[in-house]
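Notebook, structure look-up. I went through the model on screen and wrote down what I checked.

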Amino acid sequence: MVISSIMPKIYRIETVIRPGILSFGEDGKSIYIDTPDNIKALIETGAFSKKILNNLEESNAPDIPGELHFRVTLPKSSSTLKINCDTPHVEQGIEILNLLGRFLMEEYGNLVSYFQNEIDRDINIQKAGIQKASAMKRSYENNRESITKRIHELETEIVFIDKNTTFLNQERKNLLSKGKDESNILSVLLYSNTIQQNLQLSSDYKTEIKDLKLKKETELQQISERENELQMRLAEMENLKIKKSNIQNLQIIQKPYSGKYPVKPKKM
C-alpha cells in the first residue's frame with residue numbers, strides 16, 4: 001500500500017481516428033486512402049515517435065519521455081482506430097496524441113493532394129473541351145444564321161424575278177398582238193432573252209436554296225452534336241467535382257481525452 005501510494009498516477013489518454021476516404025465504390029462502400037491495419041502498423045512501429053519527441057523538445061516541454069508506446073485497437077465492424085497511451089502527465093499525453101494526429105494528417109495529406117491534383121487535371125481537360133465545343137457550337141449557329149439569311153434573300157429575289165418574268169411575258173404578248181414589224185420583232189426577241197435569263201436565274205437560285213437547306217440541316221446536326229457534347233462534359237465535370245469533394249484526409253473522430261481516474265497503480 002505504501003509503495004502504490006507513492007508511485008506516480010498513470011492516466012490513459014485516448015483518441016479515435018478514421019482513414020481518409022478516397023472515393024466510393026459501385027456498391028456505395030467507402031474506398032479508403034489506406035487500410036486501418038496499415039495505419040495501425042505505422043503507429044505501433046513508432047514511425048512518428050521521433051518527430052513527436054523532437055517537437056516536444058523544441059517546445060521545451062518538461063519531463064519528456066525517453067520513448068513513446070502507442071496501443072492501437074480496431075473495433076469490430078468499424079473502420080475507426082482507437083489509439084491510447086499511458087502517461088503521468090495528462091496535458092502532455094493529450095499533446096502527444098494531438099501531434100500524432102497532425103503528423104498522420106501530414107503523412108496522408110500528400111496522397112490526398114496527389115489525387116485531388118489528378119482530378120483537377122481532368123477537370124481542366126473538361127473545361128478546355130467545353131470551351132472548344134462552345135466555340136464550335138457558336139460557329140455552327142452563326143453559319144446557320146447566315147444560311148437562313150441567304151435563303152431569305154434568294155427567296156425574295158425569286159419572287160421579284162417571277163413578278164418581272166410575268167410582266168415581261170405580258171408585254172411580249174401585247175407586242176405580238178400588235179403585229180410583226182421590225183421594231184416589234186426586236187423587242188419581242190429582247191423580252192424573250194430576258195425572260196429566258198430570268199428563268200435560268202430563278203432555277204439557279206432554287207438550286208442554291210436547295211443546297212443551302214441541306215447545308216443548314218448539316219449545321220443543325222452539328223449544333224445538336226456539340227450541345228450533346230457540352231452536356232456530357234458538364235455532367236462529367238460535375239461528377240469530377242463531387243469525386244474531389246469526397247476525397248478526405250485522415251479524420252479525427254474523437255479528440256484526445258483523459259479518463260477521470262488513473263489506470264495505474266492499482267491500489268486495491
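I looked up F115 and found it partly exposed, at a relative accessible area of 26%. My cut-offs were under 20% relative accessible area for buried and over 50% for exposed, with partly exposed in between (1.4 Å probe, protein chains only). Y114 also counts as partly exposed, because its relative accessibility is 47%.

I noted that this is a predicted model, where local features need pLDDT of at least 70, side-chain atom pairs count only at pLDDT 80 or more, and totals for chains, interfaces and linings use all residues. Residues are numbered from 1 along each chain as its sequence is written, and side-chain values use heavy atoms, with hydrogens and water left out.

I searched for aromatic pairs (Phe, Tyr and six-membered Trp rings with centres within 6.5 Å; planes under 30 degrees apart are stacked, over 60 edge-to-face, the rest tilted) and got 1. The ring centres of Y114 and F115 lie 5.4 Å apart with the planes at 75°, so this pair is edge-to-face.

Next I took helix α2, residues 36-44, whose buried residues are P36, I39 and I43. They fall within an arc of 65° seen down the axis of α2, so they line one face of the helix; the arc is taken from the directions from the helix axis to the C-beta atoms. Helices (H or I, at least four residues) and strands (E, at least two) are DSSP runs numbered from the N terminus.

Last, I checked strands β2 (residues 21-24) and β3 (residues 30-32), which run antiparallel and are joined by 3 bridges; pairing takes at least two DSSP bridges. I21 is opposite Y32 in β3. The two strands make a hairpin with 5 residues between them, and G28 in the turn has a positive phi of about 85°.
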